[in-house]
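This report describes the domains, the ligand site and selected residues of one protein model. The sequence and structure are shown first.

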Amino acid sequence: MRITCVGGGPAGLYFSILMKLRDPGHEVTVLERDPAGATYGWGVTYWAALLDRCQEADPVSARAIREASVSWRHGVAHVGGERVVRPSDQGFGIGRHRLLELLADRARELGVRIEYRREVREPGQVGPADLVVAADGVNSALRHGRFGPTVAHGSNRYAWLGTRKVFDAFTFAFERTRHGYVWCYGYPFDDGTSTCVVECTEATWHGLELDRLGEPEGLARLGELFAEPLDGQPLLAGPGGLRWQTFRTVTNRRWSDGKVVLLGDAAHTTHYSIGAGTSLALEDALALAAALDRPGTPVPEALADYERERRHALLATQSAARYSERWYQNVGRYLSLKPEQFFALLGQRHSPLLPYLPPQLYYWANRAVEESPALRRLRGRVGNQVARALHAGRDGSGGR
Ligand SMILES: Cc1cc2nc3c(=O)[nH]c(=O)nc-3n(C[C@H](O)[C@H](O)[C@H](O)COP(=O)(O)OP(=O)(O)OC[C@H]3O[C@@H](n4cnc5c(N)ncnc54)[C@H](O)[C@@H]3O)c2cc1C
């Protein structure tokens with residue numbers, strides 16, 4: 001099979017690896033717009049379950065990813081001048097740059113051809129191929145037309161920054177200003193660097209003049225605001241400079257059209273506050289490779305199976321992401337709580353019930369549930385069903 005992946009991000013590179021592993025006879029090419037080694041963003045988080053799935057599919061790249069990652073086992077929140085620490089599941093961080101380097105090395109080792117500085121604007125530009133994988137990210141050029149994309153913009157502003165402060169936990173900091181709160185979340189991703197995503201409402205962004213300040217002044221203002229959690233270390237902008245953005249939630253009416261199929265962020269995005277987009281992109285790759293590996297199944301049928309499976313698998317995570325995004329858009333509702341209570345509800349921000357109950361009442365009800373294993377199990381079951389019911393049909397498929 002001749003396969004061309006447009007986009008050398010985690011989705012496109014991992015899919016190319018999986019297809020070569022399944023059949024070294026496949027001719028697999030990755031066309032990436034940017035030069036080798038150039039990418040946006042800093043580090044990304046993931047959880048142990050992803051490593052387990054990757055280990056099964058390709059132990060070589062799974063081991064390389066694990067070895068290049070750092071991990072933590074607790075969360076810290078700086079809020080109202082207090083610092084609260086809570087245990088958490090083991091989380092992992094890896095530099096985006098390093099992840100892409102490892103995946104590209106593995107892909108080349110297996111015989112994938114990677115061509116950098118190859119921008120593709122439409123499927124017809126890729127040359128002869130039996131399958132064209134649009135793994136070209138949130139702004140996908142390939143998905144226009146019959147895929148029916150919808151892009152919804154969040155109302156908060158964020159900047160994806162880095163710092164030489166090496167956090168030893170997943171760290172949140174909420175700082176009060178006279179224009180409202182501004183907050184950041186940081187996590188380490190190698191021995192000397194952490195990610196620090198800064199966010200605030202549009203009104204606060206204007207009030208603090210973050211919309212007008214140049215890069216050095218903007219970074220300096222944020223550095224002053226977060227001086228305590230950052231231990232005075234400056235914030236750093238990536239190669240693209242200090243860019244304030246609104247989050248774009250992408251859905252598509254369909255994920256394939258003939259021999260073209262969407263993968264990763266091109267198909268769906270997931271709010272960064274739940275740290276799942278890269279994992280979901282890799283899981284898309286796993287599902288697409290498995291769907292194409294059923295002998296006798298025509299390609300369009302395999303693509304439809306992949307879409308059906310992934311839409312279903314994504315419902316709970318997409319729901320959690322939407323509630324999490326909304327929680328941050330309404331964070332003022334929770335900031336009058338005591339720091340310990342605030343942190344507890346921060347951990348519950350994915351809950352569909354939280355926006356509808358008074359925060360104090362939710363806090364106490366949640367505590368009662370936490371103390372009873374039977375109630376915890378019931379909450380898990382009911383919560384998942386509610387989330388799926390509420391979000392089926394909001395994934396762009398019209399409920400298919
Ligand atoms: C602030 C922020 C924080 C995040 N933190 C996390 C996190 O902690 N954990 C996590 O799992 N996820 C996180 N994510 C999400 C994650 O970055 C994405 O979900 C993930 O990168 C999707 O992978 P992808 O391969 O689909 O797309 P991308 O990584 O965007 O890769 C797409 C590639 O396609 C290339 N390309 C684009 N257009 C063209 C074209 N026309 N021709 C050729 N090539 C093209 C691009 O240069 C790029 O290399 C975060 C996102 C944001 C915005």
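## Domain arrangement

The centres of domain 2 and domain 3, taken over C-alpha atoms, are separated by 27 Å. The protein is divided into domain 1 (2–72 + 92–154 + 248–322), domain 2 (157–236) and domain 3 (333–391), with bounds that come from an automatic or database domain assignment.

The model is predicted: local features need pLDDT of at least 70, side-chain atom pairs count only at pLDDT 80 or more, and totals for chains, interfaces and linings use all residues. Residues are numbered from 1 along each chain as its sequence is written, and side-chain values use heavy atoms, with hydrogens and water left out.

## Ligand surroundings

The ligand is surrounded by 32 residues, of which the closest are Glu32, Tyr40, Thr45, Val120 and Thr278; a residue belongs to these surroundings if one of its heavy atoms lies within 4 Å of the ligand. Polar contacts are pairs of N or O atoms within 3.5 Å; within protein, one atom must be able to donate a hydrogen and the other to accept it, and residues adjacent in sequence count only if both atoms are side-chain atoms. A polar backbone atom of Val120 is 2.8 Å from a nitrogen atom of the ligand. An oxygen atom of the ligand lies 3.3 Å from a polar side-chain atom of Asp34, and an oxygen atom of the ligand is 3.3 Å from a polar backbone atom of Pro10.

On its own the ligand has 1000 Å² of accessible area, and the protein covers 95% of this. Accessible areas come from the Shrake-Rupley method with a 1.4 Å probe; for residues, only the protein chains shown count as cover. Two or more residues of the shell come from each of helix 1 (10–22), strand 3 (43–47), strand 9 (157–163) and helix 7 (277–291). Helix 7 gives the largest share, four residues. Helices (H or I, at least four residues) and strands (E, at least two) are DSSP runs, numbered from the N terminus.

Ser194 is in strand 12 (residues 194–200). Ser194 counts as buried because its relative accessibility is 0%, where buried means under 20% relative accessible area, exposed over 50%, and partly exposed in between (1.4 Å probe, protein chains only). The side chain of Ser194 reaches the backbone oxygen of Lys165 at 2.6 Å.

Leu208 is placed in the loop between helix 5 (202–207) and helix 6 (215–225). With a relative accessible area of 9%, Leu208 is buried. Leu208 and Val182 are 26 residues apart in sequence, and their C-alpha atoms are 9.5 Å apart in space.

## Helix 11

Leu378 is in helix 11 (residues 373–391) and counts as partly exposed because its relative accessibility is 42%.
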